[in-house]
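The sequence and the structure come first.

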Amino acid sequence: MRIFDLELGGYRSTQQRRKTFADRTLFCNLLGTRIVDFLSSAAVMTEFLPHMRLATRWLSYGLILLGLMANFHSALAQTSGKYSDADIQAVESHVIRSMESLGTPGVAVALIDNGEIVYMGTFGVIDIAGTSPVTRQTPFQIGSLSKSFTARAILQLAAEDKIDLVAPIASYLPTFRTRNKIQSDLITVNQVLSHTSGISTLDGNRHQMTQYNADDALSFALSKLETVDLKYAPGSTFEYSNANFVVAAALLEEIERARFEVILKERVLQPLGMENSYVRQRPLQSAPPAIGHARLWGSTKPTPHIMSRMNIGGGGVTASIEDMGRYMLSVIGSDRFRAGNSKLASDSPSAIYSYGWFVERELDPILVSHGGLNPGFSAAAAFEPETGKGFVLLTNQSGTLKGEIRNGVEDIMRGFSPRPATPSRFAYASAVFAVILPAFLLIGALLSIKRINKMRSRDPQERSPVWKIGLLITILTGLIWACLFAIPQSFGATFRSAFMFQPDVIGGLGVSALICFAWIIARLIFAVRQRTRKT
């Protein structure tokens with residue numbers, strides 16, 4: 001389950017492509033006009049070949065048409081619906097190069113083209129501590145890619161007239177409510193599946209760390225929403241929130257009167273022949289799963305993790321690349337995303353999110369995609385409905401410095417040179433900050449204690465002004481609040497849930513808060529001792 005971060009860089013938008021087309025056309029026009037002027041002027045000056053002006057004008061028009069055709073061919077090449085052998089080689093090279101630079105233990109990738117899986121590659125090992133290779137049957141946790149599985153099951157119920165997508169959730173799930181019941185009673189099934197319910201990102205991530213796995217886990221998770229205030233009016237604004245798919249999973253259990261794991265198995269996994277895929281708990285017949293790893297300050301560490309039943313609706317599926325290839329074929333070939341469908345996901349209340357998928361309509365061709373992030377795992381899937389091209393990428397590594405292998409694969413799919421998978425500047429800055437801040441605070445605390453000791457040795461009766469002590473304690477208390485609450489919540493997570501995904505950065509903030517707390521205690525002890533001695 002991911003703390004959401006959508007990246008749109010690395011490929012050109014429709015507007016950028018149109019600008020390039022216009023620039024090229026303008027250049028051809030100017031070139032043709034200059035040729036006409038030059039040759040016509042020469043013909044007039046020499047009074048030779050009286051029909052030269054007409055001939056040269058037709059010649060220039062021919063050059064302009066040739067330029068337009070070349071530009072059109074270039075545009076077609078950029079949006080071609082076929083993977084070439086060079087594209088496949090580029091994907092392999094990009095994955096191998098990225099794994100070496102990022103220390104990624106294992107990767108699996110599948111390329112889909114026009115209703116077929118044209119390439120499936122596996123790289124590395126399932127566990128950095130062992131030698132077992134990643135295979136086509138190796139299950140990976142797919143994080144928030146699970147959301148489309150949950151949405152798919154609900155859409156099946158809608159097709160069977162067991163549920164109305166525009167009906168309020170509370171009409172099927174009476175136990176669902178937020179603090180303001182009047183408002184939450186207006187939230188529809190569609191709004192939950194499109195992240196327009198009004199529940200915030202932060203409230204959706206508050207209980208990521210809670211490991212409660214009883215049969216009533218989803219009901220328990222639902223009860224946590226009773227104290228939540230909606231951030232927006234239902235249906236008014238898009239905001240990604242994992243809580244929406246807690247509600248969706250609970251809704252499935254209520255309608256079907258079965259465990260969520262069984263529902264997804266019977267409605268999605270079994271019909272598609274996904275034999276090495278499951279929800280949360282591995283069945284005995286499944287292949288050995290990949291072990292999760294975290295990228296911590298340049299090294300890769302195993303981080304075994306199993307998603308709590310409370311959160312399985314938005315991040316509980318584990319699947320092999322072979323099975324995900326089958327799943328993507330069914331998605332790309334569905335009526336909802338079929339090429340030429342002018343009503344692409346139009347029944348979703350959100351313009352950019354449709355039943356477990358982001359729809360980037362401003363791109364040409366339209367891109368449908370989603371990422372997934374569980375502790376120790378990252379995944380991505382994307383496709384172009386118009387061309388039939390798509391890909392799935394699964395890895396067993398997460399963390400601040402995990403990089404983004406998906407970006408390069410997506411670039412190749414869209415006809416561009418692959419971006420390197422190196423972590424972003426912000427990721428590097430965050431990791432450095434997480435080291436510098438506690439070091440800076442520790443040095444400050446030690447220097448402060450040294451200064452106090454020096455002052456006491458010079459004059460045991462001397463003491464610091466109360467206002468200085470108060471100012472220091474106020475500043476340190478503010479830093480504790482920032483480290484434990486303000487900074488994590490600015491990224492839509494609590495300290496505990498953020499630590500699952502970025503243990504290096506959040507761990508650094510935690511150490512900083514501890515140093516600040518110890519500094520406050522030490523300073524208060526010195527102040528009390530000084531006043532005691534003077535009295």
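## Glu-92 and its surroundings

Glu-92 touches Tyr-119 and Phe-123, leaving aside residues up to four places away in sequence; contact here means heavy atoms within 4.5 Å. Glu-92 belongs to helix α3, residues 85–102. Helices (H or I, at least four residues) and strands (E, at least two) are DSSP runs, numbered from the N terminus. The classes are buried for under 20% relative accessible area, exposed for over 50%, and partly exposed in between (1.4 Å probe, protein chains only).

## Basis of the model

The model is predicted: local features need pLDDT of at least 70, side-chain atom pairs count only at pLDDT 80 or more, and totals for chains, interfaces and linings use all residues. Residues are numbered from 1 along each chain as its sequence is written, and side-chain values use heavy atoms, with hydrogens and water left out.

## The chain overall

The protein chain has 17 helices and 12 strands. Of its 535 residues, 51% are buried. Among contacts between residues at least 6 apart in sequence, 72% join residues at least 24 apart.

## Packing of α4 and α12

Two packed helices are described by the angle between their axes and the distance between the axes. For helix α4 (residues 146–159) and helix α12 (residues 321–332), the angle is about 50 degrees and the axes are 13 Å apart. Axes are lines fitted to C-alpha atoms, for helices over the stretch in contact, and angles run from 0 to 180 degrees between N-to-C directions. The two helices are therefore oblique to each other. Angles under 35 degrees count as roughly parallel, over 145 as roughly antiparallel, 65 to 115 as roughly perpendicular, and the rest as oblique.

The crossing of α4 over α12 is left-handed, a term for a near helix turned anticlockwise from the far one by less than a right angle, with clockwise giving right-handed. On the α4 side, the contact is made by Ser-148, Phe-149 and Arg-152, and on the α12 side by Met-324, Tyr-327, Ser-330 and Val-331. These contact residues comprise four nonpolar, two polar and one charged. Ala, Val, Leu, Ile, Met, Phe, Trp, Tyr, Cys and Pro count as nonpolar, Asp, Glu, Lys and Arg as charged, and the others, Gly among them, as polar.

## Gln-141

Gln-141 sits in strand β3, residues 139–141. Its relative accessible area is 11%, so Gln-141 is buried. Its neighbours, not counting residues up to four places away in sequence, are His-305, Ile-306, Val-317, Thr-318, Asn-374 and Phe-377.

The side chain of Gln-141 reaches the backbone oxygen of His-305 at 2.5 Å. A polar contact of 2.9 Å links the side chains of Gln-141 and Asn-374. A polar contact is a pair of N or O atoms within 3.5 Å; within protein, one must be able to donate a hydrogen and the other to accept it, and residues adjacent in sequence count only if both atoms are side-chain atoms.

## Backbone features in loops

Asn-114, in the loop between β1 (106–113) and β2 (116–124), has a positive phi of about 55 degrees although it is not a glycine. At 52% relative accessibility, Asn-114 counts as exposed. Arg-280, in the loop between β4 (278–279) and β5 (293–296), is also not a glycine and has a positive phi near 70 degrees. Arg-280 counts as buried, at 13% relative accessibility.

A cis peptide bond joins Asp-364 and Pro-365, with omega about 0 degrees. Pro-365 is in the loop between β9 (357–360) and β10 (367–374).
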